[in-house]
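Please keep the sequence and the model in view while reading.

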Amino acid sequence: MKTAAPTVMGKRYADLRRLYSKATIVGECVVADRLFWNGAQFVNAPRFAYEAIEGPLKKEQALRHTCGRGDCVNPYHMRVKGAA
Ligand SMILES: [Zn+2]
């Protein structure tokens, strides 16, 4: 049986697993290094986690943490700035 090539979703899932495997749970927060290697470059870890779950953001869209922890990579603790 032929193995399928990794899909975009497959890579995203593998990257997320790698990110969360190095993270620490603090209360409801998931705390990780702020920079994450995505295979090509270092990127902002919270933004990476958010985009992996919620979909890509436009460059000009910034995130704010509802939990107040800038190093939290729990996507549910982030909102797009200016959005409701
Ligand atoms: Zn948090």
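## The two helices

The axes of helix H1 (residues 8-21) and helix H2 (residues 45-54) cross at roughly 140° and come within 10 Å. Axes here are lines fitted to C-alpha atoms, for helices over the stretch in contact, and angles run from 0 to 180 degrees between N-to-C directions. The crossing of H1 and H2 is left-handed, a term used if the near helix is turned anticlockwise from the far one by less than a right angle, with right-handed used if clockwise. H1 makes the contact through Arg 12, Asp 15, Leu 16 and Leu 19, and H2 through Ala 45, Phe 48, Ala 49 and Ala 52; two residues are in contact if their C-beta atoms, placed from the backbone, lie within 7 Å. By class, this contact of H1 with H2 has 6 nonpolar, no polar and 2 charged residues. In this scheme Ala, Val, Leu, Ile, Met, Phe, Trp, Tyr, Cys and Pro count as nonpolar, Asp, Glu, Lys and Arg as charged, and the others, Gly among them, as polar.

## Basis of the model

This is a predicted model, in which local features need pLDDT of at least 70 and side-chain atom pairs count only at pLDDT 80 or more, while totals for chains, interfaces and linings use all residues. Residues are numbered from 1 along each chain as its sequence is written.

## Overall architecture

The protein has 2 helices and 6 strands, which are DSSP runs numbered from the N terminus (helices H or I, at least four residues; strands E, at least two). Read from the N terminus on, the elements follow the order α-β-β-β-β-α-β-β. Taken along the principal axes, the C-alpha atoms of the protein fill a box of roughly 50 × 30 × 20 Å.

Of the 84 residues, 18% count as buried. A residue is buried if 20 or more other C-beta atoms lie within 10 Å of its own, exposed if 12 or fewer, and partly exposed in between, with C-beta atoms placed from the backbone. Among contacts with a separation of 6 or more, 43% are between residues 24 or more positions apart.

## The nonpolar core

The largest nonpolar core has 12 residues, namely Leu 19, Val 30, Ala 32, Phe 36, Ala 45, Phe 48, Ala 49, Tyr 50, Leu 63, Cys 72, Val 73 and Met 78. H2 gives the most to this core, with 4 residues. Such a core is a set of buried Ala, Val, Leu, Ile, Met, Phe, Trp, Tyr and Cys residues joined through C-beta atoms within 7 Å.

The buried residues of H2 are Ala 45, Pro 46, Phe 48, Ala 49 and Tyr 50. These buried residues pack against H1, strand E3 (35-37), strand E4 (42-44), strand E5 (63-65) and E6. After H2 comes Gly 55, whose phi is positive, near 105°.

## Selected buried residues

Pro 46 lies in helix H2 and is buried, with 24 other C-beta atoms within 10 Å. Neighbours within four places in sequence aside, Pro 46 is in contact with Leu 63, Cys 72, Val 73 and Met 78. The C-alpha atoms of Pro 46 and Met 78 are separated by 8.2 Å, and the two residues are 32 residues apart along the chain.

Cys 72 lies in the loop between E5 and E6 and counts as buried, with 24 C-beta neighbours inside 10 Å. Beyond four places in sequence, its contacts include Cys 29, Val 30, His 65 and Cys 67. Val 30, in strand E2 (residues 29-31), is buried with 23 other C-beta atoms within 10 Å. Val 30 is in contact with residues including Tyr 20, Ile 25, Cys 72 and Val 73, leaving aside neighbours within four places in sequence.

## A partly exposed strand residue

Val 80 has its place in strand E6 (residues 78-80). Is Val 80 buried or partly exposed? Val 80 is partly exposed, with 14 other C-beta atoms within 10 Å. Not counting residues up to four places away in sequence, Val 80 touches Leu 57, Gln 61 and Leu 63. The C-alpha atoms of Val 80 and Asp 33, 47 residues apart along the chain, have a separation of 21 Å.
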